[in-house]
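Hello,

Here is the structure I promised to hand over. My notes on it follow below.

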Amino acid sequence: MSLRSSLPLGLSLTAALLCASPSLHATPIHAPSAPHRHARTAKPAAERPPLVLDATTQAIIANSTAAYDVLVGELNAQHRQPAHAYAYLMDAARRTGDPRLYARATDMALQARAPDIALRTVAEWKAAAPSDFEAESYRMQIYLLMGRLEDTAAPLQTALTLAPEDKRQELIHALPLLYSQARNPARALDIVAPILQPHQRVAQTAFVSNLALARMQLAARQYPECLSTLQQAVTAPVYGGSLGAAVPNRELPSLVALDLMRNSRISMPKVATAAENMIRHEVARPDASPDLRISYAKVLVEQRRYNDAVTQLDRLISQHPDDPTVWLLQGALQFQLQHWNAADAALQKYLQVRKPMESALIESEGPAPTRLSQSLTLAESDIQAYLLLAEIADMRNDSTAAAQWIARIPSPRARTAAMIQRAEALSRQQKYGPALQLAQELPHKTAADSALRALFISQIQEKTKQYAQAEQTLDQALSSDPDNPELLYARGMIREAQNRLPTAEADLRRVIALKPESAAAYNALGYSLVQRNLRVQEGHDLIAKALRLDPENGAILDSMGWAQYRLGHLEEARQWLDKAFLAEPQPEIAAHLGEVLWRLGKPDAARAIWSEGLKMDAHNAILLETIERLTGHRIP
């Protein structure tokens with residue numbers, strides 16, 4: 001992958017080098033003719049004067065050789081021989097001093113997995129072109145690839161000093177993405193922040209500098225600081241050049257604010273509210289872009305604020321009635337609200353208005369990568385629409401229509417994913433027979449496909465309490481793929497449901513060994529120990545590890561709340577469970593939160609939470625058992 005956005009190389013650069021001197025084409029090159037019989041005999045070599053070439057002739061020879069090296073180097077690159085390509089391209093770079101060739105040679109060294117050679121190449125590049133800021137930008141990025149985070153400060157500082165104004169803006173804007181590969185976002189922020197500080201105070205770079213810093217603060221989970229920096233970006237003069245975003249530059253702080261609103265909602269609700277106020281101010285403008293409004297509506301849907309999302313979509317539809325994305329989102333929202341007819345109508349409208357877009361893409365003469373990206377986006381949207389329409393058909397008990405919608409998905413892999421989602425939807429509707437039949441129709445030619453098929457079949461079998469069959473399904477899949485963490489996790493959960501804790505623990509600990517970043521495995525094992533009042537402190541510690549890996553996960557927040565309850569810390573338990581219910585309002589969490597409120601002597605608050613849980617699922621076994629155990633009243 002190239003680190004540099006350079007001019008085209010290969011044959012185009014060969015042509016440029018060949019045309020470097022007009023005399024190359026003006027001077028004919030002839031084969032030597034036979035000597036004339038009366039011609040004087042040539043002097044011996046020792047008596048001839050040394051050959052002296054003028055500068056133009058020397059440049060012609062050097063450029064011709066370099067052109068050959070570039071051509072051979074690019075041919076080697078095309079044949080996936082980066083080491084050979086590097087040798088030729090490096091020779092060409094040394095002969096010409098062309099920074100583009102040094103960049104290309106560096107790319108080849110990286111493709112050959114030789115970062116030390118890439119660094120030496122950049123050093124030669126820097127010596128040949130001391131004022132080329134991209135050499136330092138490359139050096140910084142190579143250090144990032146090598147995990148040498150501390151070494152990136154000096155080249156970044158130099159690159160920003162040397163870069164022309166427009167390139168400086170682009171480099172600053174790219175920093176959050178470049179440093180996103182760092183394992184320690186907080187340390188990355190510590191390195192970049194002081195370097196960006198002077199650029200935050202300069203009018204020309206204040207906007208992009210504050211925007212980049214806010215994005216890195218968000219990655220480091222420094223939410224109040226992110227909000228403050230975004231506010232500075234909003235007040236700075238907006239950069240007028242292109243930053244490659246789908247929305248106007250003016251709206252970029254609001255896009256970051258959307259992520260801040262989403263990420264801080266549980267841990268810092270006041271920050272989330274302030275971030276949303278920033279977004280509301282922007283979407284209230286008459287010239288607010290549809291993309292920003294759609295993004296805001298999507299976050300509202302994620303947070304189950306359906307009425308607010310409906311308000312945003314109604315405005316969008318009135319202003320952009322021919323935008324297919326708006327109709328697709330409207331269909332998804334109406335589906336969530338279980339307004340089947342309204343959802344069906346919106347999705348049919350999507351299919352109607354997207355046809356002119358498809359025709360426009362076919363006839364477009366725009367850049368091929370852009371057209372490809374737009375076509376892929378449209379194809380993904382079509383899959384979402386077909387899947388939602390299939391689920392609506394299933395809700396109407398029209399399995400034939402549902403199958404027809406799924407069949408319209410052209411890609412086999414996408415069709416498989418849609419079949420899985422449809423099976424999940426049928427399972428949620430407790431239509432286990434059709435769901436199991438659909439799961440059994442999934443392809444299973446490869447090991448990955450077989451594992452996926454086994455997971456879904458066992459999941460449905462577990463829901464119907466066919467534990468022995470579910471475990472047998474997973475055993476069979478594990479016989480050919482014994483170290484598959486997903487299969488082991490699923491079997492561990494089935495064994496846990498049968499109160500076979502030692503074997504369940506063995507499976508979950510094996511998952512942790514294979515996949516140490518698996519928050520789900522830590523949480524499942526920890527919750528199992530806490531729920532059974534076995535080694536509660538150890539269970540708490542496992543849940544704490546899961547929480548560090550996935551701090552906004554509602555299920556893990558619920559586990560931590562329940563662990564605090566088992567340890568007798570009622571007030572801490574209530575705080576954790578409040579966050580969990582806000583993140584993911586689920587019946588089981590309602591049961592736990594209600595129990596803690598009941599123990600705290602707040603029976604009215606407990607009943608109110610249980611009532612919310614019953615609205616979600618009036619038959620949830622954990623919720624019903626909790627209410628009956630604590631109140632003595634059985635809900636029919």
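Which residues are buried in α16? They are Tyr306, Ala309, Val310, Gln312, Leu313, Leu316 and Ile317. Buried means under 20% relative accessible area, exposed over 50%, and partly exposed in between, with a 1.4 Å probe and protein chains only.

Before the rest, the ground rules. This is a predicted model, where local features need pLDDT of at least 70, side-chain atom pairs count only at pLDDT 80 or more, and totals for chains, interfaces and linings use all residues. Residues are numbered from 1 along each chain as its sequence is written, and side-chain values use heavy atoms, with hydrogens and water left out.

More on α16. Helices are DSSP runs (H or I, at least four residues), numbered from the N terminus. Helix α16 takes in residues 306-319. At 1.5 Å a residue, its 14 residues should span 20 Å, and the end C-alpha atoms are 20 Å apart, which agrees. The expected span is 1.5 Å times one less than the number of residues. Exposed Asn307 and Ser318 sit on the face turned away from the buried side. Cover for the buried residues includes α14 (269-283), α15 (290-302) and α17 (324-336).

Next, the cores. A nonpolar core is a set of buried Ala, Val, Leu, Ile, Met, Phe, Trp, Tyr and Cys residues joined through side-chain atoms within 4.5 Å. The largest has 98 residues. Within it, Leu156, Leu175, Tyr179, Leu196, Leu230 and Leu260 touch the most other members. Helix α11 (residues 203-219) gives the largest share of this core, nine residues. Another core, of 51 residues, lies apart from it, with Ala470, Leu478, Ala519 and Ala590 among them.

Two single residues are worth a look. Contact means heavy atoms within 4.5 Å.

- Leucine 525 is in helix α27 (residues 519-531). It counts as buried, at 0% relative accessibility. Leaving aside neighbours within four places in sequence, leucine 525 is in contact with Glu505, Leu508, Arg509 and Leu542. Glutamate 538 is 13 residues from leucine 525 in sequence and 9.7 Å away in space, C-alpha to C-alpha.
- Serine 254 lies in helix α13 (residues 252-263). It is buried too, with a relative accessible area of 3%. Not counting residues up to four places away in sequence, serine 254 touches Met278, Ile279, Glu282 and Leu292.

Best wishes

Note on methods
Helices (H or I, at least four residues) and strands (E, at least two) are DSSP runs, numbered from the N terminus.
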